[in-house]
Protein chains: 2
Amino acid sequence: EPKLSEISAADFFYRNRSLAGFDNPVRATYTVIRELVENSLDAAEERNVPPKIMISLSFLRDRKTGGNLYRIIVRDNGVGLGSEEIPKAFGRVFVSSKYRLIQSRGTFGLGGTMALLYGQITTHRPFRVISARARSTITEVMMKIDIKKNEPVVLEKKNLGTANNPFTVVESYFEGDYGKARRKIVDYLRQTAIVTPYADIIFLDPDGVLYFFPRSTDEMPPRPKEALYHPKGVDLELLHRLLQRSRANTLKGFLKTNFQRVGDKTAAEVLKLARLPENLNPRKLGDEEIRALYYAIRSYDRFIAPDYTVLSPLSERLFEEGIKKELQPDFVRAVQRPPSVYGGHPFIVETAIAYGGRIRPTGEIQLYRFANRIPLLYDAASDVSYHVVKNINWSLYGIKSLEEEPIALFFHIASTKIPFKTVGKEFIANVPEVAHEVEAGFRACARELKLYLSKVRRRALIAKK
Amino acid sequence: EPKLSEISAADFFYRNRSLAGFDNPVRATYTVIRELVENSLDAAEERNVPPKIMISLSFLRDRKTGGNLYRIIVRDNGVGLGSEEIPKAFGRVFVSSKYRLIQSRGTFGLGGTMALLYGQITTHRPFRVISARARSTITEVMMKIDIKKNEPVVLEKKNLGTANNPFTVVESYFEGDYGKARRKIVDYLRQTAIVTPYADIIFLDPDGVLYFFPRSTDEMPPRPKEALYHPKGVDLELLHRLLQRSRANTLKGFLKTNFQRVGDKTAAEVLKLARLPENLNPRKLGDEEIRALYYAIRSYDRFIAPDYTVLSPLSERLFEEGIKKELQPDFVRAVQRPPSVYGGHPFIVETAIAYGGRIRPTGEIQLYRFANRIPLLYDAASDVSYHVVKNINWSLYGIKSLEEEPIALFFHIASTKIPFKTVGKEFIANVPEVAHEVEAGFRACARELKLYLSKVRRRALIAKK
Ligand SMILES: Nc1ncnc2c1ncn2[C@@H]1O[C@H](COP(=O)(O)OP(=O)(O)OP(=O)(O)O)[C@@H](O)[C@H]1O
Ligand SMILES: Nc1ncnc2c1ncn2[C@@H]1O[C@H](COP(=O)(O)OP(=O)(O)OP(=O)(O)O)[C@@H](O)[C@H]1O
Ligand SMILES: [Mg+2]
Ligand SMILES: [Mg+2]
């Protein structure tokens, strides 16, 4: 009896869809929207135009079912997809244009596909994608996913003419529960607007309510750039792959062309540490030599910090502006940490603290988290930033209790790879390098808060007398 | 420029290994051990013998590296694997013998493979598996994983003779941090011993400390059985697949043979609700007819509860015994809920509350969680059971504050599919059917606690006078 069997990636995530954020119809409603919106934001930023995103969620009363049948349509002005790309992009798990080393919201190659898969398994209806690249054919595809095989099934493909401007429309039916999900969905869009002030987002909800988040600026942030790996934290598998596909003829050249900020001197020092000749052919290294190189890279402690311009952080000014606009606090201070590295990936942490004004204590820690401009609204207590916040002694900074005072904390991380702990991107893993930056960032903000609070409290004392 | 690219499942989990519990070297040390131990427990239970598991973790000082190099060896008396099975089982992600509908610890088909993959990427060394099925050839395989292709790479395969009794040995090298992980690892083994009192577990740690968890009983729990899906919560994809591969000649026969506890009368009523003739060929149903059948199954409310004997819960007696042995409380009460269903999967929730004795308040909620006899030691605050516990008004039961009183809460769920929220099996998703059973279970225990506390407090009052 052949006891071992195998399943496809789509089948795996279908059977285990709580992993991807489809735990129940309420959560699924949120996840469907956020996955499609994040795809649209990425697509518009890819062509460096202010994103224009329209989301329409309608409730279709379906008497036959006990469940709530919805139709979602998301339209964007992003780069668009060609007729061959549409089935691949949406019909298969682990297909992505974001597997390169560049900062983007998408990272796994399955979010959009899973949203459409969820619609398919709850309604059995095909989904529709209409898209065009700039000055290109408009293609309309009606399709399904063969979940067992992890393959697209195209039911119908139409050519609808030519488009001047690129765009994408995704339409799908699914079983959800908007009533219970509404709060989180609106929070998600509002927080997205805070960190993406250059985007126009329109959401027409099932109750006919129109949520309009107009952009407050035309200024796009500088585009992130495709990066090289930073040598710090690189593992052996990655080193192996880079060596295998390197076009450099020498080991020294390999180091300089495959890692960011490794110049002639650094490469020479690393190779000296590894006791490897500089002119070895990278593709002909033996296992022992690769290990020697790896350990040398591991123990070399004079690599320069990553290239700042690769990433696109919020900036302290934008973070503070967004927080002020949203919460109108008496005090706000954002701090951007210098670039750091984990596992070869550069990252920048930004933290902010706001106090007073319209902030009210809620009996819980008010922590707003963002990763590559995505708001993270679930499982805060498992997030690395939450653990850091819990371990800071806030009384040193004049805060008796985070839960009982009018204080809100903010955290953003930009990276070529956010170390998410869940496929549903709910929270960030406890990576020590990240925790270190979050702590340093919050302490820097807290020191400013302390000065502010002591000034305010001194004035209040004087006023009393 | 072909902008879409594709990666293998192994490559996906390599790039995103925080998803699978390899966030950092400390967490990775824990995950490597728990994944191999869970495989061994499953394998021994498969042949219905008391598991005998030996774990040896040794620290190999490696001067070349800054990292801590460990060797792990796990040996068990489980069913074993044949020479063709070893490379498949460990060399490929999404390969499993546990994709059937039967309760087991393993469920994803990647835990063991990921543990060995992690060793490979941190040390570049091959790993070794020695195994034999009963009265079969002993095979030793030295192998690696081709991560890009998600395929095994066998370096060496040896025939070491014949074994009377089956066994498996897994040996691998990896970079970890035992010092920081030790506490959690020992907790994991100790809690495993509580819910698996019929297993012998020996752990020899890097400091030379031997942890011995001898079995306290020879009595194996009844084996879970391979189940049929329960109709409640079945989705359209599953219905489609069952219809396609059904050997029944009529729709009525299909319902009776493909779902548990659906007899003649129930099948007839469901088909009447769907307005479908009983004798339709299941394989020839059109989309509209499938949807009609689905909605009828959805709205039919008189399905019998799932078959109890399919699952293997702890039992109230064993749960209480384990808790008494471990915590020596003054009061303990476990409650087993009747079987329930989510998404077609039967499940049984068991809850327990212990009070007093050697339990001390810790300033935090003391919640012990288990799923298919696996202890869950991380991210409690995100777990469905934690949310339920937080939402109960404990003052109704005589408890002022869970954090400040000597009270401990326990939760176990047995199912053909545990709705884990993470690939690292850290916590359970917020599935409403599960939350409902957890709440009912804890309230039942709490009512008994209330009687106990009022009795004890009354006595204390009388004693004072
Ligand atoms: N609205 C869109 N406009 C243009 N391209 C899109 C759009 N939505 C999806 N795509 C393309 O389809 C690919 C797959 O999308 P999907 O959401 O499944 O994965 P991803 O965005 O790459 O990663 P993640 O799983 O993290 O979301 C994307 O990488 C992108 O190339
Ligand atoms: N110690 C063992 N003895 C016998 N078979 C084993 C052992 N370890 C692994 N296997 C086999 O290898 C398969 C793959 O193991 P792996 O841990 O990767 O996945 P799994 O246990 O099926 O699921 P999960 O990812 O949830 O652990 C198992 O299903 C089992 O058939
Ligand atoms: Mg996406
Ligand atoms: Mg396993």
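How many disulfides does a search of the whole structure find over all chains? The search finds zero, a disulfide being a pair of cysteine sulfur atoms within 2.5 Å.

Before the first selection, some conventions are required. Residues are numbered from 1 along each chain as its sequence is written, and chains are lettered from A and ligands numbered from 1 in the order in which they are written. The model is predicted, local features need pLDDT of at least 70, side-chain atom pairs count only at pLDDT 80 or more, and totals for chains, interfaces and linings use all residues, while side-chain values use heavy atoms, with hydrogens and water left out.

Select Cys445(A), which is buried at a relative accessible area of 0%. Buried means under 20% relative accessible area, exposed over 50%, and partly exposed in between, with a 1.4 Å probe and protein chains only. Then select Cys445(B), which also counts as buried because its relative accessibility is 0%.

Centre the view on ligand 1, which lies between chains A and B. Display the 24 residues around it; Ser96(A), Ser97(A), Thr107(A), Gly111(A) and Lys425(A) come nearest. A residue is near a molecule or strand if one of its heavy atoms lies within 4 Å of it.

Next, display the polar contacts (pairs of N or O atoms within 3.5 Å; within protein, one must be able to donate a hydrogen and the other to accept it, and residues adjacent in sequence count only if both atoms are side-chain atoms). A polar side-chain atom of Lys425(A) is 2.6 Å from an oxygen atom of ligand 1. From the backbone, an N or O atom of Phe108(A) lies 2.9 Å from a ligand 1 oxygen, and a polar atom of Leu110(A) lies 2.8 Å from an oxygen of ligand 1. The protein buries 98% of the 600 Å² that ligand 1 exposes when taken alone; such areas come from the Shrake-Rupley method with a 1.4 Å probe, and for residues only the protein chains shown count as cover.

Now colour chain A by secondary structure. Helix H2 (25-46), helix H3 (85-91), strand E4 (95-96) and helix H4 (111-123) of chain A each give two or more residues to the shell around ligand 1. Helices (H or I, at least four residues) and strands (E, at least two) are DSSP runs numbered from the N terminus. H2(A) gives the most, with four residues.

Move to ligand 2. Why is this site shared between chains? It is shared because residues from chains A and B surround ligand 2. Among the residues that come nearest are Ser96(B) and Lys425(B).

A polar side-chain atom of Ser96(B) lies 2.6 Å from an oxygen atom of ligand 2.

Select Ile428(A), in the loop between strand E16 (407-415) and helix H12 (432-464) of chain A. Ile428(A) is buried, at 0% relative accessible area.
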